Amino acid sequence: MAAHDLKDDAVRGHSRRDFLRGSSVAAATAVLTGQATTAIEEAKAAESEPKVLSGELKITLQVNGESRSCTVEPRSTLLDTLRHRLDVTGPKRVCDRASCGACTTIVDGVPVYSCTTLAVACQGKKIETLESFDTGPAGVPHAFHQHDGLMCGYCTPGFVTACKALLDKNPNPTLDEVRRGLDGNICRCGTYIGVLEAALAAAKAMKGA
Amino acid sequence: MAAWPKEPRLIGTKVPRLDGLAKASGKAKYPSDVRPEGTLFGVVLYSPHANATVKSIDTAAAEKMPGVKGIVVIAGQGKKLRFQGDDIAIVAAETEEQARDAVRAIKVDYEVLPHCVTESQSMDEKAPQVFDGGNVRKARAIVKGKPEEALEKADVVVEGTYSLPVITHVCLEPHGLTAQAEGSSKITAWASTQAVTVVAGELAGSFNISPADVTVLTEVMGGGFGSKFGADIWGRTAAELSKKCGGRPVKVFLDRAQEHLAAGNRPSATGHVKLGASKDGKLVAMIAETYGTGGVRGGSNFPLPYVYDLKNSSRAHAEVSVNAGGARAMRAPGHPQGCAIMEAALDDLAAKLGMDPVEIRVKNLAEVDNVRGGRQGETINRTPMYEAQLKLGAELIGWRDKYKPRGENGKGVVKRGLGVALHQWGGGGAADKQVSCTINPDGSVEIKSATQDIGTGARTILAMITAEVLGLKPTDIKSNIGNSTFPPGQSSGGSTTTPSMSPPCLAAATQARAAFFNKIAPALSTDAETLSLKDGQVWVNGEPTMSWKDACRKLGMASISETGKFADGLSSVGVGGCQFAEVEVDTETGVVRVKKIVAIQDSGLIIDKLTWESQVYGGVIGGLNYGLFEERVMDPTTGVMLNPDMELYKLAGASDIPEIIVRAYETEEMKNRGVIGVGEPPTIATAAAIANAVANAIGVRVPDWPMSPRNVLNALASKEGKA
Amino acid sequence: MKAFDYAAPTSVADALKLMEPPHTAALSGGTDLINRMKDYVSSPERVVYLKDIDALESIESSSKGVSIGAGATLAALLEHGEIKKTYPSLWKAAYEVATPQIRNMATVGGNLLQRPRCWYYRAGNGLLALKDGKSLVREGDNRFHAIFMTDGDALFVNPSSLAVPLIALGAKATILGPKGERTVPVAELYRVPKGSQERELTVQHGEILTKVVVPATHAKNASYEARHKQAHDWPLALASVALEMDGQKVGSARVVLGAVAPVPLRSEAAEKAIEGKALNHESATAAGDAAVKDAKPLSMNAYKVQLTKVAVKRALLAAVGDRYWEEG
């Protein structure tokens, strides 16, 4: 990580303490410090007084059909939470800046970059990683395997996930639609030809199943 | 004498890789996925400055931060930091977030020094010195024949300056490892590496213990391309931190920015070239002055002249140091640069002569261009191979119908163009590597070697060879590599893995089979010579007699284990290939779209056609990135890299990928050469062929790679300026 | 990323309350803010997550036009039939933004209010990237920077692709703050910062962009984006046009340029050049030339002048269905 301390571009002048004291901020009373046992559900229940979460938080995520609990901070990304706290290591951290797609995860049915999604914001949502996909002949992983849509394989989880999400939405994609559907993912080994073949083959196989 | 089977059942077919489903289902555990119980997260503090001295460093505040378990300072007081991204310290903490916070709490007082981060800055006479002794090291020209004289007599001479930028490896899995020290005497490391044995040696060296006490594990890994041969300072420090933290595992993987900054790059290349020919297109002389930068490490030289026969040539190269991360080998080091410059100059010459680019290439191949044949002492002339490859490639791209002379590609704003380029590569195998093959009484078969699969398919290839010999399916073989404690295996570099590992693998499987026959022959009441293996059966005198599994049970309690060694005649060195590109250039926007690439490649005997094709596709796409998109951008003022990401550091996505036709040039003569690696050669010619196609389309040379709208429009503007 | 406090209100009213303290940032898709936080370019002390507010997500069309909630994702915008039919300039611009994953995450409000992608800004040199009184951009690598308004210190380009067609279409933005609601033309969301202390966005602290309303229109409208890669990339130049036709001629025109100035830039010169003319290659080319009359490129980006010309020409011709460049 860079050593330089980059300045916040917001205009400075108030310290955190100032706003905690601020009488206009009802919410400040709800600021939780240290180990917070209150989860977002509770915050949502008390809608009139939205809770502010801080420090270490115990959260529960629905990952691949299971309830998984762990301790995070508000700044913990979904990706780092999956990988570092829940040992769900299918999604990979590559660019860590919403560019390469290796971290692609399906949240409430929609593929997103988990490197740029906060874990706290995912409570109550259905989180699917490729570990939950059908590995049989009708599944996307099988097609990637058979068509050699992978080399080193580090981008592959992202491609497989983006491909699965694409085919769930569009079971009959054209080649150009497959390309566009996978444009949020980057491979460095240069395995795109196998990927495109795999995606088209998976579309066929999924229909046949 | 060892030989490849004449009528192979598996070799040469398409076999999906053994670890493919694990990779495609997210179940494969990469080194960066491994998190043993108690793992601490290490985060690297690296230099924000291109050139600085550490005046002081204070870690006291950082040590007291929540979760921090250990800090190792790499660059202490007085240490020079020669580039942005140079390592300063590593913090290990309970969570990665805590480690990052602590890194920011380390107080470093820098003496910031003047820098030069671009070649032009560095070559300025008043430039600050990157190292004592000057920024530009100019080697004496290598002269062949009488180039000046010959050039004067040439009928046609072209002169041009061509340049290619620094690009970086962008391995998707970052460099790094997780290290677990057992006191001072043992280390286990899960490393993302191309060379488990080198990493083991490096870690052993830093702990002053025997490599045998270090276990480096690389079950799978996420790309190296030449940049991941060692443990690096990060890995050694991770091991040190683990020791310091009572043996808790410490995981250190670089962030994406430091990957670009410190983990290697392909040097830039600029060449001022004069190339002369006689009227009939026969090259007579080349004079080239070139330079490039490998950052603080050097290594920017590249082959030039390249491929073609030049009786008279002069080549002087200058190594330019800049305050940027050091170069590392990158997929065919030097060749893509040499190829691009040679092929551009040659194409410009062909255009000036009004000659067909394919014809001028054929004309300038050496009469005899010998490479090694199948055995020590045997040779093969590569020239007829190139000719055959060019013929095939021209057919597949539709050269005869589509090719128009430069600048004669229609009236519309979008012009089509064709280009071609040739390349060559060595490869070859190391002769000291080993593979063990074990046949167990339960019928399982395991091969072991301390090599690794960096995505090339090495694991699958070794299983195929073993299965071929034992009459089994590749999936029946446990292909166990990526462990430094196994029999010595090859580092994955220089396209040498398969040629180094295939011969000992064949030997191991063959020896194991012989031992197996000897063992079970009595139980089958026959002689070993009557036995053979096919389709999972033991055959006696050509009749299937017993299943493999049942036969293995006859081994009783004892497994068979044989270690195979390298033998001559099974692998070779020296390949060639050609690539054709068809592009569309929008002359109003300068946007280049590659429509089609044809890649013809020879590489001896191909083991797995599926992974072989993937390697060639991958090489082509790597070359497409080099041709169209990639460029490390340095800021002259602040000395930092401006695009250390995967967004403004541009890499092709699915919509940028053209139709790619791959053909193996695989004659019987080629097959008889044995195994040759293919990781590198197919990435060499692509950027050259694309640039030639662009010039063909728009009628003017775009002398600077990549073929971006900016570079293309600038070239078009300069053409109009001249007109 | 520095630690921050976090809240996820489900109503706009709660969001406003939570937004009150200083150093608070609104988070929606996250594709910009989280990256800035990771790079310590922005380090808010509180982050208010707006995506749990259902009320911000709706897209509603009526006879008056279409109202697009600031929390609507780009994916939702692209799936809206009325937008595709009536506002192809907006649809196309959204279609070309980023990647499927980003379009699923990113919101219309986030696209409009994202911060510049200037690599000097993102490397921590501040929005204007001034060092010792000198502009790092002017002295350095400015290939992706502004070609208009370059006499000043703000040399970054506005990164919003949606702002360009929205301005061309005359859309208005609704902003809710502690003092109530205000509605401004989309163009007024932006300004050229006068000094390092000023942002390029006019939305004030504590305010939330809630929606944009695009008026009903019969205008022929189109966008054209010039970019390097086909897959994920940023526009090098972007033009959107909205043309009220007067028979075969252009009655009134709106031409807006993106990625070439610190704000989305209306080109009145291009508008004048095309108004009253029949739309053809000649008039479109003339309008493109007029659009760049005031361009003053920096040391490395003269090529963007050409791209801007062509983007204007092609957007104009695309509006009448002429996509000549696709025919070769």
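The model is predicted.

The interface between the chains comes first. In chain B, 66 residues are in contact with chain A. The size of an interface is often given as the accessible area lost when the parts come together. For chain B and chain A, this buried area is about 5200 Å². Carbon and sulfur atoms account for 53% of it.

The rule finds 8 salt bridges between chain B and chain A. One of them joins Glu96(B) to Arg93(A). The closest N and O atoms of Glu96(B) and Arg93(A) are 2.5 Å apart. Polar contacts were counted as well, and 30 residue pairs make them between chain B and chain A. Several elements of chain B contribute to its side of the interface. Helix H1 (20–24), strand E1 (40–46), helix H3 (96–105) and helix H16 (609–628) each supply at least two residues. H16(B) gives the most, with 8 residues. By class, the side of chain B that touches chain A holds 31 nonpolar residues, 18 polar residues and 17 charged residues.

Chain A is described next. Its secondary structure consists of 7 helices and 5 strands. Read from the N terminus, the order of elements is α-α-β-β-α-β-β-β-α-α-α-α. Chain A has 209 residues, and 61% of them count as buried. Among contacts in chain A with a separation of 6 or more, 49% link residues 24 or more positions apart.

Chain A is divided into two parts, domain 1 (29–131) and domain 2 (133–208). Where they touch, domain 1 of chain A provides 17 residues and domain 2 of chain A provides 12 residues. Together these domains bury about 1200 Å². Of this area, 62% lies on carbon and sulfur atoms. The count of salt bridges between domain 1 and domain 2 of chain A is 0. Polar contacts are present, with 5 residue pairs counted between these domains. On the domain 1 side, strand E3 (104–107) and strand E4 (110–113) of chain A are the elements that give two or more residues. The largest share comes from E3(A), with 3 residues. The classes on this side of domain 1 of chain A are 7 nonpolar, 6 polar and 4 charged residues.

Chain B is also divided into domains. Domain 1 of chain B covers 20–28 + 429–565, and domain 2 of chain B covers 265–428 + 572–722. Their centres, taken over C-alpha atoms, are separated by 39 Å. In the contact between them, 16 residues of domain 1 of chain B meet 15 residues of domain 2 of chain B. The buried area is about 980 Å². Carbon and sulfur atoms give 61% of that area. The rule finds 0 salt bridges across this boundary in chain B. It is crossed by 4 residue pairs in polar contact. Helix H13 (458–470) and helix H14 (497–520) of chain B each supply at least two residues to the domain 1 side. That side of domain 1 of chain B has 5 nonpolar residues, 11 polar residues and no charged residues.

Two loop residues of chain B were then examined. Asn312(B) is found in the loop between strand E17 (283–293) and strand E18 (313–320). Its relative accessibility is 17%, so Asn312(B) counts as buried. The side chain of Asn312(B) reaches the backbone nitrogen of Lys146(B) at 2.8 Å. Beyond residues up to four places away in sequence, Asn312(B) touches residues including Lys144(B), Gly145(B), Lys146(B) and Pro147(B). Val284(B), Ala285(B) and Met286(B) are also among the residues that Asn312(B) touches.

Pro211(B) lies in another loop, between helix H6 (196–207) and strand E13 (214–217) of chain B. Pro211(B) has 46% relative accessibility and therefore counts as partly exposed. Along the chain, Pro211(B) and Thr197(B) are 14 residues apart. The C-alpha atoms of Pro211(B) and Thr197(B) are separated by 8.2 Å.

Key: Residues are numbered from 1 along each chain as its sequence is written. Chains are lettered from A and ligands numbered from 1 in the order in which they are written. This is a predicted model: local features need pLDDT of at least 70, side-chain atom pairs count only at pLDDT 80 or more; totals for chains, interfaces and linings use all residues. Side-chain values use heavy atoms; hydrogens and water are left out. Contact means heavy atoms within 4.5 Å. Buried area is the accessible area (1.4 Å probe) that two parts lose on being put together, summed over both. A salt bridge is a side-chain nitrogen of Lys or Arg within 4 Å of a carboxyl oxygen of Asp or Glu. A polar contact is a pair of N or O atoms within 3.5 Å; within protein, one must be able to donate a hydrogen and the other to accept it, and residues adjacent in sequence count only if both atoms are side-chain atoms. Helices (H or I, at least four residues) and strands (E, at least two) are DSSP runs, numbered from the N terminus. Ala, Val, Leu, Ile, Met, Phe, Trp, Tyr, Cys and Pro count as nonpolar, Asp, Glu, Lys and Arg as charged, and the others, Gly among them, as polar. Domain bounds come from an automatic or database domain assignment. Buried means under 20% relative accessible area, exposed over 50%, partly exposed in between (1.4 Å probe, protein chains only).
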